[in-house]
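Please keep the sequence and the model open while reading.

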Amino acid sequence: MAGKEQKRKQLHYRRASFLQPTGRTLQDLVEEAVNRLTPVSARIERLNDDAEGWQRFINTHRSVMGMEFGNLVLYAPDQNRQIIAMDDDADELDIEHIAPPEMKDGKKRQFLESLLYYGLKDNHVILLQSMALRARDIELYLNWLLRTVGIFDENNAVFLNNYAPQVTQEKLERAEVKSVKIGTPLVDMSAEMAPEAPTQGGMSSRSVRFRPWGEGLDILRAVMPERMKDLSWEDLQSSSNLEVFVEVTYKRQTDESSQQLLNKLTTALRHVGDEDIRIELKGGGSIVGSELQIKNFRQITSYDGILDPSSVFMEMNAWLMEILERGLIDAG
């Protein structure tokens, strides 16, 4: 078929845990929630107060191969998409924009910002993330979904935790943890498109505004919430090149194993980037964030550059079976 190719994509493994276990698996809970919230408009989570704000929802959902699969979609209604006019002889290229196309079937089209794919087997979670949709986003959405359908109340939550490979667990069992260091940018600047505003001549325009967010801000809000209230918008914009470093030292005084400590750390820091966390071991040596995760590249079929969902789900299933058989994770 024309346009068919294989793309190298990275899959990530997570393990679901619950604040208040219900005796049911995440696979079972999500399957019930999605089937009950139909049509698709019933499971749209609006991330902003205004009607033109960002929205996300589970679109494709399939129960096959003993797993629950799906994808999470992110988009903003009625936004134009920027394109660039390529010209090898020009000193500066023109940036243009196109509106979502109108079709004869009467159905309104929207440009998608991003897609995240997931596969669930009991409490095992396989993710194919994108730049705009990460594990943190699907975790937040699943909590919203389960509360919206009434399966969860406000006192319960699901966490998608990293799971350390066996070699890392053995490394921690052989050595005591000296300290845990976290380093992350203070502010990540996320762009948002402001609503269209009329201009002279009857034209319309959109402005870009930036909102500060990030793990560094989350840490500071937790450590000194009152002082953070005194920071202005300008202070945060000018601080985009600063980083926050937090060091937690651990002195072993009981027989609690390093693995128990690791479980607590990976839950609390499950969304910290690969190189943003470093565990220093007594007697020398260290473990970085990438060693606390299980991930692997797989070949996914695509057509005209677009991933084939069936290929994504088949590779998720095959990889999960592989890491189970190799003993990288346990079946529990």
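How many salt bridges does the structure hold? The structure holds 10 salt bridges, a salt bridge being a side-chain nitrogen of Lys or Arg within 4 Å of a carboxyl oxygen of Asp or Glu. This is a predicted model, in which local features need pLDDT of at least 70 and side-chain atom pairs count only at pLDDT 80 or more, while totals for chains, interfaces and linings use all residues. Residues are numbered from 1 along each chain as its sequence is written, and side-chain values use heavy atoms, with hydrogens and water left out.

**Salt bridges**

- Asp330 pairs with Arg15, their closest N and O atoms being 3.4 Å apart, and this pair links distant parts of the chain, namely the segment after helix H8 (309–325) and strand E1, 315 residues apart.
- Asp330 is partly exposed at 37% relative accessible area, whereas Arg15 is buried at 14% (buried means under 20%, exposed over 50%, partly exposed in between, with a 1.4 Å probe and protein chains only).
- Glu322 and Arg298 meet in a salt bridge at 3.1 Å, N to O; because Glu322 lies in helix H8 and Arg298 in strand E18 (residues 294–303), the pair ties together parts that are 24 residues apart in sequence.
- Salt bridges that share partners join Arg24, Asp28, Glu32 and Arg36 into one network, in which the side chains of Glu32 and Arg24 meet at 2.5 Å, N to O.

**Helix H3**

- Helices (H or I, at least four residues) and strands (E, at least two) are DSSP runs, numbered from the N terminus.
- In H3 (residues 166–174), Thr168, Gln169 and Leu172 are buried; they lie on the same side of H3, because they cover an arc of only 100 degrees around the axis, taken from the directions from the helix axis to the C-beta atoms.
- Val167, Glu173 and Arg174 are exposed on the other side of H3.

**Second largest pocket**

- The second largest pocket is lined by 18 residues, of which Ser114, Leu115, Tyr117, Ile306 and Leu307 lie nearest its centre (on a 1 Å grid over the protein atoms alone, a pocket is an open set of points where a 1.4 Å probe fits, with protein on both sides within 12 Å along at least five of seven lines, and lining residues have an atom within 4 Å of a point).
- Strand E7 gives the most to this lining, with five residues.

- Met65, in the loop between strand E3 (55–64) and strand E4 (67–75), counts as partly exposed at 43% relative accessibility.
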